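Trainee: Good morning. May we go through this structure together, one region at a time?
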Amino acid sequence: MKKYIPTLLILFTLIGVLIGIYISRATSHAIIIPSGVSKVDELIKLVHGCYVDSTSMEDIIEKTMPKILTELDPHSTYIPAKDLEATNADLKGSFSGIGIKFLIEEDTVHVTDIIRGGPSEQVGLMPGDRIVTINDTLFVGKICTNDEAMKRLKGPKNTNVKLGIHRWGEKELLHFNITRGDIPVRSIEAAYIIDNRWGYIQVERFAENTFAEFIISLAKFLRDRCEGLIIDVRGNGGGYLGVALQMANEFLSSSDMIVYTEGDHQPRATEYANGRGSFQSIPLVILTDESSASASEILAGTIQDNDRGTIIGRRTFGKGLVQQPFQFNDGSAVRLTVARYYTPSGRCIQKPYTKGDNEEYAMDILNRYERGEFFSEDSIHQNDSIVYKTRLGRTVYGGGGIMPDIFVSSDTSDITSYISQAVSKGLIRQYTFRYSDAHRKELSQFKNYETLLAHLKQQNILDSFTNYAAEKGLKARYWQLQRSKKRLEQSLYANIIYNTLGMLEHVRYINTFDTTVLKAVEVLESGNAFPKLTDADSRPTESEE
């Protein structure tokens, strides 16, 4: 019997191998998924039910959603539930909080401004206060970040937060119990009359309350008998389409087209002025730059195409896509591009993009800068084949933002490495905050930028700053200071004016040397705010012959 054992072992081994091969073949056949089933849905089920390790499908989906939308266009976005409230805050009319503006200096929260009518003003918080404790817990040092401060100070309406405040001149901490309330989000913080003739409005965003603020400002201008308007949307990234339509309606005649939108699943929808606008004949200038986008471009585009006013500044961003929000049950949301918008001449001003390559799209403004577009109108390259005509027959272009009627370059002739480093290292901001804080009682007697500026010019601010910067490791050469002296002084004065008097007086001061605003005033004074047809515009283009 022993002599058969090796033979039996070989036989059993072969049988085992054959069984293994059979089982392997049986289990290696793919499971056929029925037709008509969503591949994405089925993949999620497979991973959830069959994957070798335990997985969190929620985490996978959160990471996958943005990547899917990236394949569509640069403006379709996914917003996680935890970020939705903060993302929407700028466009909502208000948020719940304590009503302060602050910055972090030396690992401490410094109150820079108190929002009028807010809870902090009611209990007596003041600019210059330092927040040392929040709800009896020390809040200084490494934990003191902007995000963490926002998280602790914001909260549901009618909830309480207790602050321990260090105030200049007080030996002991002051304690304040503050009930959180609705804090208005203002879109217009600077609206005033220039030279007793021209109304100036700086519109920061197109939000829920923007049109109401806009109309209030215009009503004050009418009361003060202003003779023309300057609307500044430089740096305005857009917002609600409807708000831009309301604002444009104030300046256009009955049946003037404002904009139309259209997409594969969105039939064409055209918006016209209703003729009830109160400012249909007042001279008008719109100021734009490379950060003016979306709703800002709709406003500028309809004014330009209807030959209703003059666009001054630099070429706009070039966003011609319309997003619609869709919210999921878990509180997250998608802003999906559903249509393109077109100005009255028929142009879509959306700049080119490659699907799936948002990095290239984001670098466009930097590429414009490097091409010299900010400094020379001749450096601007638009697609000459995408030509349109305004109501009067003036030539305008699509496919790359709104080109202004009057180009104003960005002047960098006085910028040196010294002032660049002073800005990038935050030294100007740090110094001016410290100066404002140390001289707050003295500076509080000044009620407008003119009187405060006259005082500052007697204080050797520039010398004081250069000494401060040197202590921080930034030393200046004589030629650098001479070349950048005027710009550096203007930056120092502007920051102190803002810290002391707020945004309106800050903007009023800045506008006294802002070349784009000065050009707008020049155009209004010349009586040429309404564009006129030129011989060059009247000639037919190749495509029209």
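Trainee: Where does Arg 347 lie?
Mentor: Please keep in mind that this is a predicted model. Arg 347 lies in the loop between β18, residues 333-342, and α10, residues 358-362.
Trainee: Is Arg 347 buried or exposed?
Mentor: Arg 347 has a relative accessible area of 1%. It counts as buried because that value is under 20%.
Trainee: Which side chains make polar contacts with the side chain of Arg 347?
Mentor: One is the side chain of Gln 304, in a polar contact of 2.5 Å. Another is the side chain of Asp 305, at 2.7 Å.
Trainee: What else is Arg 347 in contact with, leaving aside neighbours within four places in sequence?
Mentor: Its contacts include Gly 301, Tyr 341, Tyr 342, Tyr 388 and Ile 402. Val 396, Tyr 397 and Gly 398 are also among them.
Trainee: What happens just after α9?
Mentor: Asp 307 takes a positive phi there, of about 55 degrees. Asn 306 lies in the loop between α9 and β16.
Trainee: Is Asn 306 buried or exposed?
Mentor: Its relative accessibility is 8%, so Asn 306 counts as buried.
Trainee: Which backbone oxygens lie by a polar atom of its side chain?
Mentor: For the side chain of Asn 306, the backbone oxygen of Met 257 lies 3.0 Å from a polar atom. The backbone oxygen of Thr 302 lies 2.9 Å from a polar atom of that side chain.
Trainee: What is Asn 306 in contact with beyond its neighbours in sequence?
Mentor: Leaving aside neighbours within four places, Asn 306 is in contact with Leu 252, Asp 256, Met 257, Pro 344 and Arg 391. As for distance, the C-alpha atoms of Asn 306 and Ile 258 are separated by 8.5 Å, although these residues are 48 apart along the chain.
Trainee: Let us change topic to the sheet of six strands. What is the strand order?
Mentor: The order is β10-β11-β12-β15-β16-β21, in an open sheet with mixed pairing. The edge strands are β10, residues 190-194, and β21, residues 406-407, each of which pairs on one side only.
Trainee: How does β10 pair with β11?
Mentor: They run antiparallel and are joined by five bridges, with β11 covering residues 198-202. Ile 193 stands opposite Gly 199 in β11.
Trainee: Which helices lie across these strands?
Mentor: Helix α7, residues 210-223, lies across β10, β11 and β12, running at about 165 degrees to β11. Helix α19, residues 515-526, lies across β10, β11, β12, β15, β16 and β21, and runs at about 160 degrees to β15.
Trainee: Which strands does β7 pair with?
Mentor: Strand β7, residues 160-166, pairs with β5, residues 130-134, in the antiparallel sense over four bridges. In that pairing Ile 134 stands opposite Leu 163. Strand β7 also runs antiparallel to β8, residues 174-179, with six bridges joining them. There, Val 161 has Ile 178 as its bridge partner.
Trainee: Now helix pairs. How do α13 and α16 cross?
Mentor: The axes of α13, residues 427-438, and α16, residues 461-471, come within 10 Å and cross at roughly 120 degrees. That angle makes α13 oblique to α16. Residues making the contact include Tyr 431 and Tyr 435 of α13, and Phe 465 and Tyr 468 of α16. The crossing of α13 and α16 is right-handed.
Trainee: What about α15 and α17?
Mentor: Helix α15, residues 449-456, and helix α17, residues 478-501, have axes that come within 11 Å and cross at roughly 130 degrees. The two helices are therefore oblique to each other. Their crossing is right-handed. Tyr 449, Leu 452, Leu 453 and Leu 456 in α15 meet residues of α17, including Tyr 493 and Ile 496.

Methods. Residues numbered from 1 in each chain as written. Predicted model: local features only at pLDDT ≥ 70, side-chain atom pairs only at ≥ 80, totals over all residues. Heavy atoms only, no water. Pairing = 2+ DSSP bridges. Contact = heavy atoms within 4.5 Å. Axes fitted to C-alpha atoms, helices over the stretch in contact; angles between N-to-C directions. Buried < 20%, exposed > 50% of the residue type's maximum accessible area, 1.4 Å probe, protein only. Polar contact = N/O pair within 3.5 Å; in protein donor to acceptor, adjacent residues only side chain to side chain. Parallel < 35°, antiparallel > 145°, perpendicular 65-115°, else oblique. Left-handed = near helix turned anticlockwise from the far one by under 90°.
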